Amino acid sequence: MKFGLFGVNSFQGAAPATAAATARLAEDLGLDSVWAIDHVIVPATYDTTYPYDETGKMLGGQVEFDVADPLIWLSYAAAITERIILATGILVLPQRNPLVLAKQVASLDVLARGRVHLGVGVGWLEEEFSAVGVPFADRGRRHDDYVTAMRALWRNTKASVDTAYVSFTDAISLPHPVNGGVSIVIGGGSTRAARRAGRIGDGFLPTVGGPDALQPLLDTIHAEADTAGRDANAIEVTVPYAGDLAGLDDGARRQAAVDELCWTADAFAALDVTRILLPALPAHQLHALAVDLNGRYGTTNSVIGGSAQ
């Protein structure tokens with residue numbers, strides 16, 4: 001099991017000093033990755049139901065918070081780190097021009113020496129789509145065409161694509177990513193997202209409450225991958241941790257929080273989950289958590305990075 005940090009570019013993480021400290025600390029602690037979230041804008045009011053909270057609102061209805069552009073934040077982090085994976089989790093792909101995005105991601109990957117993962121999804125906030133000027137209803141088909149276009153530009157020196165939402169001939173977009181492409185991680189907690197991951201994803205980033213909720217999605221991935229003639233076992237699964245780590249500063253609560261995290265890590269490991277994403281906690285709490293995980297799993301080469309098997 002690998003561990004990463006999630007939401008690194010939001011709230012205080014959007015400030016330069018915190019951004020730099022977070023990226024360096026994540027690497028120093030042996031974390032596997034940092035994941036930047038995405039909102040171009042957040043409407044002051046919205047009627048769309050947020051699908052990942054029973055209230056129907058993200059952050060309990062909070063709408064005024066900093067979210068640095070994920071690619072710019074990761075570029076900043078790339079310049080001050082050498083090993084850690086730099087990922088979006090997730091970028092709302094239908095809101096981007098795929099040719100511009102392909103250039104941006106390939107450039108970042110080259111400058112980061114091949115460390116970029118592109119987590120993408122169809123988005124959920126209709127009012128945001130309206131503000132950006134992109135239709136909401138067809139975002140799934142648009143998303144998939146954009147993936148096709150980006151991969152063609154990354155793979156071919158003279159790329160040609162003709163789909164419902166993208167059309168170009170002999171387009172040259174250089175440099176190419178270091179490894180001839182960038183790992184595309186499909187985000188979303190729905191059956192449709194799992195099908196998409198099985199069909200076209202290099203990875204899957206579901207928002208689920210726990211291992212029991214993940215199993216049906218994994219079954220869907222395997223079925224869809226089999227239909228597409230793909231190896232489902234090659235699709236890397238990354239899961240944000242949904243438990244409560246707020247008690248790390250209190251002795252008794254800290255023990256309970258770490259016990260719950262370790263139980264969850266073991267249960268996800270049994271499902272062949274590759275990575276768990278922790279919230280971007282304050283530095284002293286990450287250090288404390290690193291010590292606890294070292295004690296549980298006996299990691300030797302790094303503080304957090306290692307096996308939770």
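Let me start with a helix pair: the axes of α6 and α7 come within 7 Å and cross at roughly 40°. That makes α6 oblique to α7; angles under 35 degrees count as roughly parallel, over 145 as roughly antiparallel, 65 to 115 as roughly perpendicular, and the rest as oblique. Axes here are lines fitted to C-alpha atoms, for helices over the stretch in contact, with angles from 0 to 180 degrees between N-to-C directions. Helices (H or I, at least four residues) and strands (E, at least two) are DSSP runs, numbered from the N terminus.

Before going on, the basis. This is a predicted model, in which local features need pLDDT of at least 70 and side-chain atom pairs count only at pLDDT 80 or more, while totals for chains, interfaces and linings use all residues. Residues are numbered from 1 along each chain as its sequence is written, and side-chain values use heavy atoms, with hydrogens and water left out.

Back to the pair. The crossing of α6 and α7 is right-handed; the term means that the near helix is turned clockwise from the far one by less than a right angle, and left-handed means anticlockwise. From α6, the contact (heavy atoms within 4.5 Å) takes in T191, A194, R195, A197, G198 and R199, and from α7 it takes in L217, T220, I221, E224 and A225. Sorted by class, the contact of α6 with α7 has five nonpolar, three polar and three charged residues. In this scheme Ala, Val, Leu, Ile, Met, Phe, Trp, Tyr, Cys and Pro are nonpolar, Asp, Glu, Lys and Arg are charged, and the others, Gly among them, are polar.

What else does α6 touch? Its buried residues pack against α5, β7, β8 and α7 (211-228). Those buried residues are A193, A194, R196, A197, G198 and I200, where buried means under 20% relative accessible area, exposed over 50%, and partly exposed in between, with a 1.4 Å probe and protein chains only. Helix α6, residues 191-200, lies across β7 and β8 (203-205) and runs at about 165° to β7.

Now the barrel. Eight strands close into it in the order β1-β2-β3-β4-β7-β8-β9-β10, with parallel pairing; two strands pair if DSSP finds at least two bridges between them. From one strand to the next, the twist averages 25°. Helix α5, residues 139-155, packs on the sheet and touches β4 (116-121) and β7 (183-187), its direction making about 170° with that of β7.

Strand β7 is largely enclosed by the rest of the structure, because four of its five residues are buried. On one side, β4 and β7 pair in the parallel sense over four bridges, and H117 stands opposite S183 in β7. β7 is also joined to β8 by three bridges, again running parallel, with V185 opposite G203 in β8.

L71, L74, S75 and A78 in α2 meet L101, Q104, V105 and L108 in α3. The residues of this contact divide into six nonpolar, two polar and no charged.

Last, A15, in the loop between β1 (2-6) and α1 (16-28). Is A15 buried or partly exposed? At 28% relative accessibility, A15 counts as partly exposed.
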